[in-house]
Amino acid sequence: MTFTPVACATGYGNYVGHSYTEAGFTLFTGGVHSPGFATWCADASDYAGPGLFIDFPGETALLTKSGGGTFSIHVIELAHLHSGQYPAQSFTFTGSLASGGTVSQTFTIGDQAEKTLFQPFVFDASWTNLSSVTFASQDFPYYQFTNILLDGATTVPEPTSMAFLATGLIALMPMVRRRLSK
(Lines give C-alpha, C1' and ligand atoms only; values in the text may rest on other atoms or scores of the structure.)
Protein backbone atom coordinates (compact mmCIF):
# COMPACT_ATOMS: atom_id res chain seq x y z
CA MET A 1 0.00 0.00 0.00
CA THR A 2 1.56 3.26 -1.13
CA PHE A 3 -1.40 5.67 -0.72
CA THR A 4 -0.25 7.47 -3.87
CA PRO A 5 -3.66 7.24 -5.63
CA VAL A 6 -5.41 9.22 -2.89
CA ALA A 7 -2.42 11.24 -1.68
CA CYS A 8 -1.72 12.80 -5.06
CA ALA A 9 -5.33 13.02 -6.28
CA THR A 10 -5.62 16.70 -5.45
CA GLY A 11 -1.94 17.59 -5.74
CA TYR A 12 -1.53 18.26 -2.03
CA GLY A 13 -3.63 17.35 1.03
CA ASN A 14 -6.66 15.12 1.12
CA TYR A 15 -9.03 13.91 3.83
CA VAL A 16 -9.77 10.25 3.23
CA GLY A 17 -12.52 9.39 5.72
CA HIS A 18 -12.72 6.45 8.15
CA SER A 19 -11.73 3.76 5.65
CA TYR A 20 -9.26 3.41 2.82
CA THR A 21 -8.89 0.48 0.39
CA GLU A 22 -5.90 -0.24 -1.84
CA ALA A 23 -4.36 -3.41 -3.32
CA GLY A 24 -7.00 -5.69 -1.82
CA PHE A 25 -6.61 -4.40 1.76
CA THR A 26 -8.64 -1.98 3.86
CA LEU A 27 -7.64 0.32 6.71
CA PHE A 28 -10.33 1.49 9.18
CA THR A 29 -10.03 4.08 11.93
CA GLY A 30 -11.36 2.81 15.22
CA GLY A 31 -13.08 5.92 16.45
CA VAL A 32 -15.93 8.21 15.57
CA HIS A 33 -13.88 11.39 15.25
CA SER A 34 -13.63 13.12 11.90
CA PRO A 35 -12.00 13.07 9.43
CA GLY A 36 -10.41 9.65 10.13
CA PHE A 37 -7.41 9.43 7.78
CA ALA A 38 -5.62 12.24 5.99
CA THR A 39 -2.83 12.21 3.43
CA TRP A 40 -0.92 14.36 0.97
CA CYS A 41 1.49 14.15 -1.90
CA ALA A 42 5.22 14.75 -1.32
CA ASP A 43 6.11 18.28 -0.23
CA ALA A 44 9.77 19.26 -0.38
CA SER A 45 9.51 21.56 2.62
CA ASP A 46 7.53 19.68 5.25
CA TYR A 47 6.27 16.13 4.63
CA ALA A 48 7.97 12.85 3.73
CA GLY A 49 4.82 11.95 1.69
CA PRO A 50 2.98 10.42 0.02
CA GLY A 51 1.80 8.80 3.20
CA LEU A 52 -1.27 8.33 5.35
CA PHE A 53 -1.87 9.30 8.97
CA ILE A 54 -4.65 8.92 11.53
CA ASP A 55 -6.04 12.42 11.92
CA PHE A 56 -7.12 12.39 15.57
CA PRO A 57 -5.18 11.89 18.84
CA GLY A 58 -5.71 8.56 20.58
CA GLU A 59 -7.15 6.85 17.51
CA THR A 60 -5.83 3.61 16.04
CA ALA A 61 -6.27 1.97 12.66
CA LEU A 62 -7.19 -1.61 11.77
CA LEU A 63 -5.79 -3.29 8.63
CA THR A 64 -7.67 -6.25 7.12
CA LYS A 65 -7.77 -8.08 3.83
CA SER A 66 -10.77 -6.79 1.88
CA GLY A 67 -13.46 -9.47 1.90
CA GLY A 68 -11.71 -11.41 4.67
CA GLY A 69 -8.92 -13.95 4.60
CA THR A 70 -5.44 -14.23 6.03
CA PHE A 71 -2.34 -12.30 5.08
CA SER A 72 1.23 -11.51 6.13
CA ILE A 73 2.83 -8.14 6.73
CA HIS A 74 6.55 -7.67 6.09
CA VAL A 75 7.54 -3.99 6.01
CA ILE A 76 6.11 -0.58 6.85
CA GLU A 77 7.76 2.80 6.43
CA LEU A 78 7.21 5.31 9.25
CA ALA A 79 8.10 8.98 9.69
CA HIS A 80 7.32 11.85 12.00
CA LEU A 81 4.35 13.74 10.57
CA HIS A 82 5.97 17.15 10.10
CA SER A 83 9.47 18.50 9.73
CA GLY A 84 10.92 19.98 12.87
CA GLN A 85 12.72 18.87 15.98
CA TYR A 86 11.10 15.78 17.52
CA PRO A 87 12.46 13.23 19.96
CA ALA A 88 12.58 9.50 19.22
CA GLN A 89 9.14 7.93 19.36
CA SER A 90 8.08 4.28 19.69
CA PHE A 91 5.01 2.67 18.13
CA THR A 92 3.57 -0.78 18.89
CA PHE A 93 1.70 -2.74 16.23
CA THR A 94 -0.50 -5.71 17.19
CA GLY A 95 -1.51 -8.51 14.86
CA SER A 96 -4.44 -10.88 15.42
CA LEU A 97 -3.60 -14.41 14.28
CA ALA A 98 -6.28 -16.32 12.39
CA SER A 99 -5.57 -19.35 14.61
CA GLY A 100 -6.06 -17.28 17.78
CA GLY A 101 -3.66 -15.19 19.80
CA THR A 102 -1.72 -12.08 18.92
CA VAL A 103 1.74 -10.90 17.96
CA SER A 104 3.14 -7.46 18.64
CA GLN A 105 6.20 -5.52 17.66
CA THR A 106 7.46 -2.06 18.57
CA PHE A 107 9.34 0.23 16.18
CA THR A 108 11.13 3.44 17.12
CA ILE A 109 11.45 6.45 14.83
CA GLY A 110 14.69 8.22 15.70
CA ASP A 111 15.27 11.81 16.75
CA GLN A 112 14.58 14.31 14.02
CA ALA A 113 16.21 17.68 13.59
CA GLU A 114 15.35 18.54 9.99
CA LYS A 115 13.12 17.34 7.17
CA THR A 116 11.13 14.23 8.00
CA LEU A 117 12.05 11.09 6.05
CA PHE A 118 10.40 7.68 5.88
CA GLN A 119 12.33 4.85 7.52
CA PRO A 120 11.61 1.18 6.69
CA PHE A 121 10.80 -1.17 9.58
CA VAL A 122 10.71 -4.95 9.10
CA PHE A 123 8.22 -7.19 10.90
CA ASP A 124 9.67 -10.46 12.20
CA ALA A 125 8.70 -13.91 10.87
CA SER A 126 5.77 -14.31 13.29
CA TRP A 127 3.64 -11.83 11.29
CA THR A 128 1.97 -14.45 9.08
CA ASN A 129 -1.52 -15.99 8.99
CA LEU A 130 -2.99 -12.71 10.27
CA SER A 131 -6.65 -11.78 10.28
CA SER A 132 -5.91 -8.11 11.16
CA VAL A 133 -3.25 -5.64 12.31
CA THR A 134 -3.91 -2.76 14.70
CA PHE A 135 -1.75 0.31 14.15
CA ALA A 136 -0.17 2.25 16.97
CA SER A 137 -2.25 4.97 18.57
CA GLN A 138 -1.87 8.42 17.00
CA ASP A 139 -0.49 10.71 19.69
CA PHE A 140 1.82 13.73 19.65
CA PRO A 141 4.21 13.92 17.95
CA TYR A 142 2.11 12.44 15.17
CA TYR A 143 3.44 9.86 12.74
CA GLN A 144 2.69 8.89 9.13
CA PHE A 145 3.09 5.59 7.31
CA THR A 146 3.50 4.32 3.73
CA ASN A 147 4.81 1.45 1.58
CA ILE A 148 3.23 -1.37 3.53
CA LEU A 149 4.43 -4.66 2.03
CA LEU A 150 1.80 -7.39 2.37
CA ASP A 151 1.47 -10.92 1.02
CA GLY A 152 -1.57 -11.27 -1.16
CA ALA A 153 -1.54 -7.62 -2.28
CA THR A 154 -2.83 -6.93 -5.76
CA THR A 155 -0.36 -4.21 -6.63
CA VAL A 156 1.43 -3.75 -9.94
CA PRO A 157 5.26 -3.90 -9.58
CA GLU A 158 7.01 -0.58 -10.05
CA PRO A 159 9.06 -0.16 -13.27
CA THR A 160 12.42 -0.27 -11.45
CA SER A 161 11.59 -3.64 -9.89
CA MET A 162 10.53 -5.00 -13.25
CA ALA A 163 13.80 -3.78 -14.82
CA PHE A 164 15.86 -5.58 -12.16
CA LEU A 165 13.85 -8.76 -12.68
CA ALA A 166 14.33 -8.60 -16.45
CA THR A 167 18.08 -7.99 -16.07
CA GLY A 168 18.38 -11.01 -13.75
CA LEU A 169 16.47 -13.26 -16.13
CA ILE A 170 18.59 -12.16 -19.10
CA ALA A 171 21.76 -12.88 -17.08
CA LEU A 172 20.54 -16.44 -16.39
CA MET A 173 19.71 -17.25 -20.02
CA PRO A 174 23.24 -18.48 -21.04
CA MET A 175 23.32 -20.89 -18.08
CA VAL A 176 19.90 -22.30 -18.97
CA ARG A 177 20.91 -22.71 -22.63
CA ARG A 178 24.07 -24.63 -21.65
CA ARG A 179 22.09 -27.00 -19.43
CA LEU A 180 19.46 -27.58 -22.11
CA SER A 181 22.08 -28.29 -24.77
CA LYS A 182 23.68 -31.03 -22.64
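## Terms and basis

A residue is called buried when its relative accessible area is under 20%, exposed when that area is over 50%, and partly exposed in between, using a 1.4 Å probe and protein chains only. This is a predicted model, in which local features need pLDDT of at least 70 and side-chain atom pairs count only at pLDDT 80 or more, while totals for chains, interfaces and linings use all residues. Residues are numbered from 1 along each chain as its sequence is written, and side-chain values use heavy atoms, with hydrogens and water left out.

## The chain as a whole

The protein chain holds 2 helices and 12 strands, where helices (H or I, at least four residues) and strands (E, at least two) are DSSP runs numbered from the N terminus. Along the sequence the order is α-β-β-β-β-β-β-β-β-β-β-β-β-α, and of the 182 residues 38% are buried.

Strand S2 (residues 19–22) and strand S3 (residues 25–29) run antiparallel and are joined by 4 bridges; two strands count as paired if DSSP finds at least two bridges between them. Tyr20 has Leu27 as its bridge partner in S3. Tyr20 and Glu22 form the covered face of S2, whereas Ser19 and Thr21 form the uncovered one. In a regular strand the side chains alternate between the two faces of the sheet.

## Two loop residues with positive phi

Ala23 lies in the loop between S2 and S3, and its phi is near 55 degrees, a positive value in a residue other than glycine. Ala23 counts as buried because its relative accessibility is 14%.

Asn129, in the loop between strand S10 (119–122) and strand S11 (130–134), also has a positive phi near 55 degrees, but Asn129 is partly exposed, with a relative accessible area of 37%.
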